[in-house]
Amino acid sequence: MEVPAGFLVVYLLFSCFVASSYGVYFSSLNETIIVTATPTQGQVLKAGEDQITVTWRFNQTYRAGTDSAYKTVKVKLCYAPISQKDRSWRKTVDLLKKDKTCPHKIVARPDTASNNSFTWSIERDIPSGVYFVRAFAFNAQDEQVAYGQTTNAHKSTNLFEIQAITGRHVSLDIASICFSAFSIVSLAGFFYMEKRKAKASQQK
Amino acid sequence: MPEIEGSPGSSMHGVTGREPVLAFSVASPMVPTDNTAKFKLPVDSEHKAKVFKLFSLANPHMRTFHLSWLSFFTTFVSTFAAAPLVPIIRDNLNLTKSDIGNAGVASVSGSIFSRLVMGAVCDLLGPRYGCAFLIMLSAPTVFCMSFVENASGYIAVRFMIGFSLATFVSCQYWMSTMFNGKIIGLVNGTAAGWGNMGGGATQLLMPVLFEIIKKAGATPFTAWRIAFFVPGWLNLIMGILVLTLGQDLPDGNLGALQKKGDVAKDKFGKVLWYAVTNYRTWIFVLLYGYSMGVELTIDNVIAEYFYDRFDLKLHLAGIIAATFGMANIVARPFGGFTSDFMAKRFGMRGRLWNLWLLQTAGGIFCLCLGLVNSLPLAITFMILFSIGAQAACGATFGIIPFISRRSLGIISGMTGAGGNFGSGLTQLVFFANASFSTAKGLSYMGIMIICCTLPVSLVHFPQWGSMFLPPSNDGVKGSEEHYYVSEWTEEEKLKGMHQGSLKFAENSRSERGGKVASVPTPPNVTPNHV
């Protein structure tokens with residue numbers, strides 16, 4: 001039963017180790033976009049309450065015409081290294097389609113030559129952490145062709161913090177206490193009633 | 001032949017699937033029917049059912065069965081409810097990988113102790129109250145999830161919810177008060193397997209609830225807290241059903257249960273001694289840690305694994321994860337069935353080989369699961385792995401009843417605790433560490449399973465042999481009677497306390513395999529006739 005399965009396993013494993021590795025690599029992109037955001041270094045913002053205004057433009061020191069390929073710009077909220085530590089589901093990987101550094105979308109806009117800016121209200125499902133902002137330029141084939149970010153190459157400057165909502169609500173807390181109390185009281189009640197009935201029938 | 005009258009629950013005989021799986025009923029000449037009793041099912045002299053009618057709700061026997069397995073199922077749902085929602089919870093509570101791993105360890109550790117205590121509770125209060133107390137007192141712990149704000153709160157709550165897995169003991173105990181010893185194997189096996197399914201059902205249920213609540217307008221960080229109310233309500237509802245519809249004994253009398261319990265009570269210290277000094281006990285504690293333990297571990301990590309590795313949506317990851325736990329519906333009884341099947345031809349040696357093959361196959365598929373990069377292959381290997389591991393659980397309890405007759409209850413309990421311990425240890429070593437990925441953890445766990453299954457080759461019964469050694473040729477030492485009666489001292493034998501073991505020994509001759517007829521009666525043993 002196991003031997004033929006073993007061969008099949010080895011063969012399939014072999015073919016599966018060749019994972020698909022095509023796609024755009026982050027290291028191949030140039031930082032041709034200048035991105036700025038309103039939070040200052042170390043500022044603490046609250047999810048669901050505060051806003052971030054992001055501004056981006058093409059860096060004129062690069063050859064004019066480089067940006068003619070840019071069709072859309074997507075601006076994203078990205079984790080700083082400290083928020084990626086011990087959290088492999090936020091890992092930075094060079095192959096962009098596997099990269100988990102920037103999961104939160106701020107805005108996607110068609111690319112225009114003039115100054116672009118957007119004010120974003122921090123959504124309530126953003127987790128607590130330290131962040132920076134990155135913008136990707138996409139071509140007509142929806143592939144990344146350039147990027148820009150508010151921090152340096154080591155992702156160590158100009159980082160800001162967001163505090164998430166707890167998700168707790170007073171109404172939930174109250175409901176929880178009520179049901180718990182009901183559980184304990186009804187159990188105790190049953191127990192007491194049955195003991196009383198048993199005693200009563202014994203005395204008869 | 002009817003079982004010796006012992007305290008109900010002491011006969012954890014074939015805690016699953018070992019008894020001929022095809023034994024849905026016991027025929028009348030073997031166990032006389034009590035015709036004076038007015039029950040919907042035919043019963044024996046203790047009013048235990050002789051027939052297992054699955055789709056009946058007949059009071060009290062089948063009703064007990066359904067209440068019992070549903071309670072066990074509910075506790076599995078509650079204990080593993082957090083697992084498929086971890087991708088959301090980890091963002092809400094800012095958890096690290098070690099926090100998540102430690103919470104997984106905590107969720108299975110509590111029941112190591114609660115399972116050991118539950119036996120005593122069932123003796124004192126009866127299985128109905130034991131079960132009801134546990135699920136209704138753990139309902140508040142499930143509701144507590146709405147208060148959790150950080151990693152330590154999360155770990156603490158999962159630890160407390162995990163205590164409720166001790167309903168396994170009340171479930172099996174309760175069945176043995178209601179069903180005749182000849183069919184108790186199938187009954188207990190079905191109940192255990194269906195209860196374990198809860199670990200799979202919850203992977204399906206919780207993401208669906210989460211999506212519905214989110215669609216209704218809640219933000220994700222609140223939606224998962226609301227979703228947790230559902231397992232809490234399930235606990236509550238099952239507790240109330242057990243209290244209102246259940247009864248301890250077929251005749252409904254708790255007092256009689258306690259009286260009966262005093263009749264054939266063995267000394268706990270002695271029973272513990274014979275369990276602990278039998279090396280086979282410890283081998284099976286280790287083995288079960290890598291069949292059941294692995295199953296519990298996977299219940300905790302697999303949804304998150306599929307979500308992260310293959311970038312699936314939460315509910316899709318949940319559906320795939322659910323197939324692992326749901327396979328229990330057939331996989332565990334299947335393991336018991338193959339054990340019985342091998343025993344018919346090859347006896348106990350067949351059972352041991354069967355266990356080794358199933359568990360090692362599970363380990364190999366687990367190894368592969370961590371290695372593959374393609375989703376269809378991962379799902380395939382996961383399903384094969386689940387069948388291997390769960391069938392191994394069933395096969396384990398096909399052998400355990402033969403390790404000892406006197407200490408069967410404690411050995412079953414220790415083995416069960418070993419399952420949880422193995423799970424806690426595995427999660428601690430392979431899944432709470434940020435230094436390697438979950439995929440690597442799965443592969444290492446597969447290797448660990450293969451290695452930890454090897455000791456089964458060391459299990460040797462003088463009367464039946466082991467995987468590589470034949471049975472002893474010695475006429476005395478190689479007899480079943482010698483093995484089982486050696487658990488009693490001379491004084492105890494003088495008191496006649498060993499009669500049950502003698503009878504069991506005679507019945508266990510079937511474990512020799514095909515050549516039963518030609519076995520000579522061993523000398524110096526008083527043949528035991530009813």
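I started at B:Trp194, which is buried, with a relative accessible area of 15%. My cut-offs: buried is under 20% relative accessible area, exposed is over 50%, and partly exposed is in between, with a 1.4 Å probe and protein chains only. This is a predicted model, where local features need pLDDT of at least 70, side-chain atom pairs count only at pLDDT 80 or more, and totals for chains, interfaces and linings use all residues. Bookkeeping: residues are numbered from 1 along each chain as its sequence is written, chains are lettered from A and ligands numbered from 1 in the order in which they are written, and side-chain values use heavy atoms, with hydrogens and water left out.

Next, the ring pairs. I count rings of Phe, Tyr and Trp (its six-membered ring) as paired if their centres lie within 6.5 Å; planes under 30 degrees apart are stacked, over 60 edge-to-face, the rest tilted. How far apart are the ring centres of A:Phe179 and B:Phe229? They are 6.2 Å apart with the planes at 70°, so I noted the pair as edge-to-face. B:Phe229 is buried at 4% relative accessible area, whereas A:Phe179 is partly exposed at 30%.

Back to B:Trp194: its ring and that of B:Trp69 have centres 5.2 Å apart and planes at 80°, so this pair is edge-to-face. The pair links distant parts of the chain, 125 residues apart: B:Trp69 in helix α1 (residues 61-79) and B:Trp194 in helix α7 (residues 184-196) of chain B. B:Trp69 is buried, at 13% relative accessibility. I also found a cluster linked by ring pairs, made of B:Phe402, B:Phe461, B:Trp464, B:Tyr483, B:Tyr484 and B:Phe504.

Charges over rings came next (NZ of Lys or CZ of Arg within 6 Å of the ring centre and within 35 degrees of the ring normal). A:Lys74 has its charged end over the ring of A:Phe138, 4.4 Å from the centre. A:Arg90 sits over the face of A:Tyr79, 4.1 Å from the ring centre.

Then the interface. With contact meaning heavy atoms within 4.5 Å, I have 49 residues of chain B touching 40 residues of chain A. The buried area (accessible area, 1.4 Å probe, that two parts lose on being put together, summed over both) is about 4000 Å² between chain B and chain A, and carbon and sulfur atoms give 67% of it. B:Tyr129, B:Phe147 and B:Phe221 supply 13% of what chain B buries against chain A, more than any other three residues.

Salt bridges (a side-chain nitrogen of Lys or Arg within 4 Å of a carboxyl oxygen of Asp or Glu) number four between chain B and chain A. I checked B:Glu149 with A:Arg168, whose side chains meet in a salt bridge at 3.1 Å, N to O.

Technical notes: Helix = DSSP H or I, 4+ residues; strand = E, 2+ residues; numbered from the N terminus.
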